Structures are given as C-alpha cells and as structure tokens.
2 protein chains.
Amino acid sequence: MELKETEISSQPIFKGRIVDLSVRTIQLPNGETATREVAAHQPASAVMAINDKKQMLLVKQWREPIKQLTLEIPAGLIDPSDASPLDAMKRELNEEGGYRADYWEEVTEFYSSPGFTDEKLYLFYCDTLTKLEDKRSLDEDEFLTSDWYSLEDLKRLVSEGKIVDAKTIYAITFWENMLLTSAQSTKADND
Amino acid sequence: MELKETEISSQPIFKGRIVDLSVRTIQLPNGETATREVAAHQPASAVMAINDKKQMLLVKQWREPIKQLTLEIPAGLIDPSDASPLDAMKRELNEEGGYRADYWEEVTEFYSSPGFTDEKLYLFYCDTLTKLEDKRSLDEDEFLTSDWYSLEDLKRLVSEGKIVDAKTIYAITFWENMLLTSAQSTKADND
C-alpha cells in the first residue's frame, strides 16, 4: 500500500522566535488533497545527569503552555552557535545546573510529536559530575531551580502525577531499565 | 525562589483544525515581561497493544512535519464525542489496527513538549486481542498499515534510527522494563 504524501504548497502563517507555523496542502496516496498544520521548531538536547549518590538532576520551572511548574531533566534548544547537540547539552548543563560532567553517552534521538511538529530531541546520559565555581548565566527570561532525586523518589513523583513531561518520564524509565539490567548481570555473575 | 509567571495578555495568531497558535505576554518572576509562543493542541491517546506471541502493534504512516514514513504505536486525537481517553483509544485500536482488546491498563499521562505546546498524551497498555470482522473506517485523510514486532525487533529498529517517535520509543522501553521486572520476580520465586 502506497503511504507517501506529497507537498503541493505551503502557506506560511507565522514566524516566531521558537515556532514557525505553516499550513501545507498535500496530495494523499489516493490522489485527493488535504491540509496539514505544521509547527516547525528548533531541535533540542536533554540529559539524564546522574551523581555519585545515584540521583538524577531535575530542574523546576514554569511552563506557560500548561500553566504549571514542572520538574524536568535539563534541556535546551540547540543554538546555531553550538557545534553539536552534545555541545549544546554541555552548555545547558552548566547554565541550568552549574555542573560539568566527565562521562557522556548519547541515549537516543526522537521527535516529540511528529503528527504536527518537527521538534527533535537528542537525549544524553552523563555522570562523573563536578560542581562549577564559574557557572554560566541563564537566559534573561529563564528562571529555574535544580535538585537531585533518587529513582524511588522519581517513580513516586511520576505515579503521583507530579512529573508530567514526556522526555523526563522516558529518562526515568530508561534509567530504571539500566539499573535492572546491570543488577541482572551482577546477579548472573554471582550465581 | 519564586518561579511562577503570570499571563498579562494573549494574542491569537491562528485557529486551525489541530493547532491553535497564540503569543502570550507574561510577567516574569523578576517583574520584567517576556513573550511565549503557545501551540494549543487537542489531547491524544496511544496504546501499547501486545498479542499472545509477545509482539507489539505498530502502524506505519506518512508524517508530513518530518517528511518521512514512521513506525508508531496506534494513537489518535481524543474527539469531543469520546467519553474518555480510554474510549478514544478503543475506537482508534479498532480503526487503525482492526482489533478489540479485553484487558486494559493506563500506563501514564504526559505532555509531549510543555515548553511550547499543551498537547497531552494518555498512554495505555492492552492485551488479550481479538481481530474484528467489522473494522471501523479510517478518517478520510488517513492512510496507514499495521504490523506486529517482537521486543528484539523493536530494539533493533530503535538503534538503527528506524523508530523515531517519542511515545513509541517510550512504550518500547516501558515494555522492556515490564518484561525485565517480571523475569526478575519469576527468578526470585524459583530461587
């Protein structure tokens, strides 16, 4: 079954600081036309930062679209001046948390909600953290605090509906998975 | 530290079928003002549907915002006519997969990307599936196929960059977690 759709035209609606909205007219696989609303968004990086007490770093900040304070893993838009998603994340970890990490890994990449936006997220894992003396400033319109949470605390906060951000819930599940897998292999070694 | 921001005014930019865009002027915690671009989006439901061969159902469809075919768990907007997110999901599982499930659980709820949109997703788990004779039709502008995948296949597809949708990557990690946990408790019972 042919599934591909073809763009016929695109009507720009709005060019913002963060979001560019357009309405695209497309040709469907059956030859008919339809429209798709597309919110173009800069890519972003996010990080699971784990300290030597086995705690994860979360930042608390106001999110105007849902009008609530959220607890999220550190994240930020990738600026044109960033050499790579990883470089963007190192900068953000400094700005939002005031930390440097010596061990980094890329976990995965995904699109937040590809039905209406091209926003892409690069998710990293880091540990071996050092608190920085000379932390970078936050953006002028950015206000947040950061704190450390154990896996047990995080799972409770998710089940109580106090963590509601997709990438953060994913990071917690991924981390639990890492710990389960490493516990299994340790157990297998000891058996 | 005070983190709350207060809406001063909201300028409507566009009212679409799927997305309503506005630019809000807000007061920051320090008294200054700033703007936030907000894409309002209907909530949606998604499901991890597992058959008795331990395979997960994915649908393949064209996603215009990223101009590619994606593999995603079945999902759909919650219509005003749906009594609940669960009811919406039962309808979508019928439309997109042609299945009915006898066992349902809510896994979690999250916001896709709360920095710029209020899109909320209700994620369900279901199993004990029956193929339906009288499948509901897809929406007029919806073209997709569906297929079943083992956990091993899914993990390979993620690592090869062939699954790129956030909720689907989350569902795969969550499912792996369920299987690891149940394997551990079975092992503990047998020890």
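**Note on a predicted two-chain model**

1. Start with the span 40-171 of chain A. Its end C-alpha atoms lie 24 Å apart, and the span is 21% helix and 43% strand. Helices (H or I, at least four residues) and strands (E, at least two) are DSSP runs, numbered from the N terminus. UniProt lists these residues, in an unreviewed entry, as "domain: Nudix hydrolase". UniProt positions follow the numbering used here, feature names are shortened, and annotations may be inferred rather than shown by experiment.

2. A word on ground rules. This is a predicted model, where local features need pLDDT of at least 70 and side-chain atom pairs count only at pLDDT 80 or more, while totals for chains, interfaces and linings use all residues. Residues are numbered from 1 along each chain as its sequence is written, chains are lettered from A and ligands numbered from 1 in the order in which they are written, and side-chain values use heavy atoms, with hydrogens and water left out.

3. Now chain A as a whole. It has 3 helices and 10 strands. Along the sequence the pattern reads β-β-β-β-β-β-β-α-β-β-β-α-α. The C-alpha atoms of chain A fill a box of roughly 60 × 50 × 35 Å, taken along the principal axes.

4. Look next at a sheet in chain A. Four strands form an open sheet in the order β7-β4-β9-β8, with mixed pairing. Two strands pair if DSSP finds at least two bridges between them.

5. Strand β4 (residues 44-49) of chain A pairs with β7(A) in the antiparallel sense over 3 bridges. A:S45 stands opposite A:G76 in β7(A).

6. Follow the links in chain B. Strand β1 (residues 6-15) and strand β2 (residues 19-27) of chain B pair over 8 bridges. They form a hairpin with 3 residues between them. B:P12 has B:S22 in β2(B) as its bridge partner. β2(B) also pairs with strand β3 (residues 33-41) of chain B, over 9 bridges. In β3(B), B:E37 is the bridge partner of B:V23, and B:T33 is that of B:Q27. The hairpin of β2(B) and β3(B) has 5 residues between the strands, and B:G31 there takes a positive phi near 95 degrees.

7. How many cavities of 30 Å³ or more does a search of the whole structure find? The search finds 1. On a 1 Å grid over the protein atoms alone, a cavity is a set of points where a 1.4 Å probe fits but cannot get out, and lining residues have an atom within 4 Å of a point. Grid points are joined across faces, edges and corners, and a volume is the space filled by probe spheres set on the points. The largest cavity holds about 50 Å³ of space.

8. Which residues line the largest cavity? They are A:F110, A:A166, A:K167, A:Y170, B:F110, B:A166, B:K167 and B:Y170. α3 (166-190) of chain A and α3 (166-190) of chain B each supply at least two residues of this lining.

Notes
On a 1 Å grid over the protein atoms alone, a cavity is a set of points where a 1.4 Å probe fits but cannot get out, and a pocket is an open set with protein on both sides within 12 Å along at least five of seven lines; lining residues have an atom within 4 Å of a point.
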